[in-house]
Amino acid sequence: METQTLLAHYAHGKRDFQEAFLIGIKLIGINLSGSNLSGANLISADLSHANLCQTNLRGINLTNSTLSEARLRGADLCDAYLSEANFTRADLSEAQLLNAYLKEANLTHAQLVNTNLNGANLSNAKLQNANLSNANLLNTVLTGVNLTGANLNGANLTGVELCRVNLNGTQIDENTQLSQKWLLVQKIVTQGAKGWDLSHVDLSCASFIGVDFTDADLTGANLSGTHFSSVDLSHAQVKDASFIGCTGLSKSTKLTLKEQGAIVDDELIPAEVKVN
């Protein structure tokens with residue numbers, strides 16, 4: 001279907017475009033609010049600045065599409081394919097995205113207030129400075145997500161694993177539902193941990209970027225699988241702390257940690273002293 005044909009149908013009152021084949025279509029600034037595009041194929045389409053409020057987009061394929069500054073308030077995007085889609089500054093407030101596939105999607109500065117993301121896959125998505133206040137993130141996959149500067153006030157992340165998630169500059173409040181482990185990680189990345197007692201705590205799979213651990217007590221802490229970047233571990237106590245599978249630390253840093261009693265990857269131990 002061509003753009004002008006779709007617009008003509010819409011102008012004459014047609015709202016049902018379910019399962020339409022619209023790959024690569026350019027619908028910049030279009031008003032399709034209240035339409036039914038469920039199951040439609042809009043791979044690589046351009047819907048920037050479009051009005052899609054209250055639209056039925058259930059099961060739609062918007063892979064690699066552009067929806068920057070689009071209005072999707074209250075839209076139904078359940079089971080939608082949205083990987084690598086660009087939602088920069090889009091308004092998805094109160095939208096339904098249950099089980100949506102948003103892998104590597106760009107949601108920078110997007111509005112996701114009261115949005116239902118239950119069961120969505122957001123792995124490696126960009127959510128810098130996104131507003132997720134009061135959003136439902138139960139059962140979401142957030143591995144590798146960048147949440148730098150995101151607003152998580154009142155968001156429900158109960159039971160969600162934030163493995164390798166960048167939480168620098170995130171906002172949370174007393175209504176944010178997050179496990180004690182990730183609440184601590186968020187506190188560390190936003191406040192630093194200079195001189196803190198973090199002995200025997202579980203910080204595995206976290207992401208620490210630019211964190212000051214100077215003089216911190218990390219004795220027996222579990223830091224396995226954690227990502228480090230530009231961190232300061234000067235004078236930190238690391239005896240029996242596990243750094244197995246960590247990324248971002250140089251080999252020399254890991255060897256220094258080992259000399260201080262930390263547990264590091266086996267390949268850093270000289271072959272002649274390995275114990276089988």
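These legends walk through several close-up views of one predicted model. In this model local features need pLDDT of at least 70 and side-chain atom pairs count only at pLDDT 80 or more, while totals for chains, interfaces and linings use all residues. Residues are numbered from 1 along each chain as its sequence is written, and side-chain values use heavy atoms, with hydrogens and water left out.

**View 1**
Helices (H or I, at least four residues) and strands (E, at least two) are DSSP runs, numbered from the N terminus. Is L107 buried or exposed? L107 counts as buried because its relative accessibility is 2%; buried means under 20% relative accessible area, exposed over 50%, and partly exposed in between (1.4 Å probe, protein chains only). Leaving aside its neighbours within four places in sequence, L107 is in contact with F87, L92, L102, L122, K126, L127 and A130, where contact means heavy atoms within 4.5 Å.

**View 1. The nonpolar core and L72.**
Here we turn to the largest nonpolar core, which has 85 residues. A nonpolar core is a set of buried Ala, Val, Leu, Ile, Met, Phe, Trp, Tyr and Cys residues joined through side-chain atoms within 4.5 Å. The residues with the most contacts inside this core are L72, L102, F208, F213 and F243. Helix 1 and helix 2 each supply at least two residues of this core, and the largest share, four residues, comes from helix 2. If you centre on L72 and leave aside its neighbours within four places in sequence, its contacts include L52, C53, L57, F87 and L92.

Side chains of opposite charge can pair when their charged atoms come close. A salt bridge is a side-chain nitrogen of Lys or Arg within 4 Å of a carboxyl oxygen of Asp or Glu, and the structure holds four of them. One joins D76 and R58, with the closest N and O atoms 3.2 Å apart. Both D76 and R58 lie in the loop between helix 1 and helix 2, so the pair ties together parts that are 18 residues apart in sequence. D76 is buried at 18% relative accessibility, whereas R58 is partly exposed at 40%. Another bridge joins R73 and D91, whose closest N and O atoms are 3.3 Å apart. This pair links distant parts of the chain, 18 residues apart, with R73 and D91 each in the loop between helix 1 and helix 2. R73 is partly exposed, with a relative accessible area of 36%, and D91 counts as buried at 19%.

The side chains of D265 and K254 meet in a salt bridge, 3.2 Å from N to O. K254 belongs to helix 3 (251-259) and D265 to the segment after helix 3, eleven residues apart, so the pair links distant parts of the chain. How exposed or buried is K254? K254 is buried, with a relative accessible area of 9%, and D265 also counts as buried, at 11%.

**View 2. N166 and its polar contact.**
N166 lies in the loop between helix 1 and helix 2 and is buried, with a relative accessible area of 12%. A polar atom of the N166 side chain lies 3.0 Å from the backbone nitrogen of N168. Leaving aside its neighbours within four places in sequence, N166 is in contact with V145, N146, L147, T148, S207 and I209.

Most residues other than glycine have a negative phi. Which values do we find at H49 and E69? Phi of H49 is near 65°, and phi of E69 is near 60°; each is a positive value in a residue other than glycine. H49 is in the loop between helix 1 and helix 2 and is partly exposed, with a relative accessible area of 45%. E69 lies in the loop between helix 1 and helix 2 and counts as partly exposed at 41%.

Methods: Polar contact = N/O pair within 3.5 Å; in protein donor to acceptor, adjacent residues only side chain to side chain.
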